[in-house]
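Visitor: I am new to reading protein models. Please take me through one, feature by feature.

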Amino acid sequence: MIEVKNLYKKFGKNEVLKGIDLTIADKGVFAVLGPNGSGKTTLIKSILGMVIPNSGEILIDGESTLNNWQYREKIGYLPQIANFPVNLTVKELFKMIKDLRQSSSLDESRYIEKLGLTSHMSKKLGNLSGGTKQKVNLVLTFLFDSPYIILDEPTTGLDPIALLILKEFIEEEKEKGKTILLTSHIMSFVEDMADEIVFLLEGKVYFRGSAAALKEQTGEVDFEHAIANLLKTQYV
Amino acid sequence: MLFINPSLSKAILTLMNVIIMLVPLIGTIFGVMYYYNSKEFTELLLALPIKRSSIFIGQYLGVAISLSLSLTLGLGIPFIIYGLFQSPDIWEFSQLLLLGTFLSFIFSGISYVVALVNENRIKGFSYAILIWLFMAIIYDGLFLISLVMFDEYPLDKFSLIASVFNPIDLSRIMMLLKLDISALLGYTGAVFKKFFGSNLGSMISMGILVLWTVVPIFILKYKSSKKDF
């Protein structure tokens, strides 16, 4: 269970999170949406411990994230753009991350074959295309079977086949009973994958519910228009 | 150098002048560059179940140890081939390597902290180089000016304290005393010899160098634990 209690964060004079209260107790896929600057990335980074909140607390399975690093064993994270050290080969990177996560015995070959990375294993990361690096990223996210998976704009740089494979991975993890948080601007992806939408607006949770509930509330037939309706409040 | 002048002692002296300028500069540049180059990968590492301090101190030690090793091997191997182990100057040479190592650790540490604190790469790089410039050159200039301005006053205590606040000057003095050329330093040299040459003096100066090394590491640990990525 992820509990976010009264979270406040400001960068300089810019107040990004103004009291976020959020509890995610169920398994499933939760999409965190909102206009630019609403605090989606800040919220995710706070959960990961990369951003340190000004006040409030975050509990993962009852454990606070402040001054704590062990809770991250339970989290798999896919950043929007991954920059790896250019001199390592793909094989060496996997070995290193497995070692850092103390799971050297895990076998990544299934993920590698599925994503078509077998021919790239001995290539240096600096020589890979953006899409291939993102696939490497995907392996590193799903390999460790973490109960919580956080995906930040996971569709970035993926070709249509890789996108289908990503959807497959997400479905698989959902079957296993994992909790998945994702952010995305691609509404069709969100509508396909998300069980629940968490909509952030001006640093607070503005809406929380299923896509169907959102359509009902905004009176729109189309999910994309429903989201646009919510976003309009920001532009007015 | 050894071919031109077969005296090991003189070679060590020449080397000292080069090392005392260059090693801090190289430590500064590598420290800053490495931090900024690996910044994005560091963000990836921060999401892993690892302590923040382990990440940053590990990276710092990586730079500092590699630089010290290349210094030690780069200088050590030619001297050993020349016959260092048969010479009585081996202790002076070891002192030189030790001071070079300290300077690598100190300056890569300082520049790492500067890079961590400054988001703007150009600012960070400039501040780090400025610190080197200040320590290597400007400090001595200011010191000389104050010596001239206050030459009516007894300046021995002042010179002693002033040299402590600059690791480069401290290393230079420790080396010169070891090489026993302190006679050239005149009155101030005698004061230094009296203080630094004594066992207590050399222990204190070594202790201050250790402080110069350790304090940036603590600052690194503190700053990295508070920073947002």
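Guide: Start with helix H9 (residues 199-226) of chain B. Helices (H or I, at least four residues) and strands (E, at least two) are DSSP runs, numbered from the N terminus. At 1.5 Å a residue, the 28 residues of H9(B) should span 40 Å, and its end C-alpha atoms lie 41 Å apart, which agrees. The expected span is 1.5 Å times one less than the number of residues.

Guide: A word on the source: this is a predicted model, where local features need pLDDT of at least 70, side-chain atom pairs count only at pLDDT 80 or more, and totals for chains, interfaces and linings use all residues. Residues are numbered from 1 along each chain as its sequence is written, while chains are lettered from A and ligands numbered from 1 in the order in which they are written.

Visitor: Which residues of H9(B) are buried?

Guide: An α-helix has 3.6 residues a turn, so residues three or four places apart point the same way. The buried residues of H9(B) include B:Ser205, B:Leu209, B:Trp212, B:Pro216 and B:Leu220. Buried means 20 or more other C-beta atoms within 10 Å of a residue's own (exposed: 12 or fewer; partly exposed: in between), with C-beta atoms placed from the backbone.

Visitor: How do I read two helices together?

Guide: Two packed helices are described by the angle between their axes and the distance between the axes. Axes are lines fitted to C-alpha atoms, for helices over the stretch in contact, and angles run from 0 to 180 degrees between N-to-C directions. Take H4 (residues 90-117) and H5 (residues 121-149) of chain B: their axes come within 9 Å and cross at roughly 150°. That makes H4(B) roughly antiparallel to H5(B). The cut-offs: under 35 degrees is roughly parallel, over 145 roughly antiparallel, 65 to 115 roughly perpendicular, and the rest oblique.

Visitor: What classes of residue make up the contact of H4(B) with H5(B)?

Guide: Contact means C-beta atoms, placed from the backbone, within 7 Å. Among the residues involved are B:Phe107 and B:Ile110 of H4(B), and B:Tyr127 and B:Trp132 of H5(B). The contact has 8 nonpolar, 2 polar and no charged residues. Ala, Val, Leu, Ile, Met, Phe, Trp, Tyr, Cys and Pro count as nonpolar, Asp, Glu, Lys and Arg as charged, and the others, Gly among them, as polar.

Visitor: Is A:Leu182 buried or exposed?

Guide: A:Leu182 is buried, with 23 other C-beta atoms within 10 Å. A:Leu182 sits in strand E8 (residues 179-183) of chain A. Leaving aside neighbours within four places in sequence, A:Leu182 is in contact with A:Val29, A:Ala31, A:Leu151 and A:Pro154.

How values were computed. Contact = placed C-beta atoms within 7 Å.
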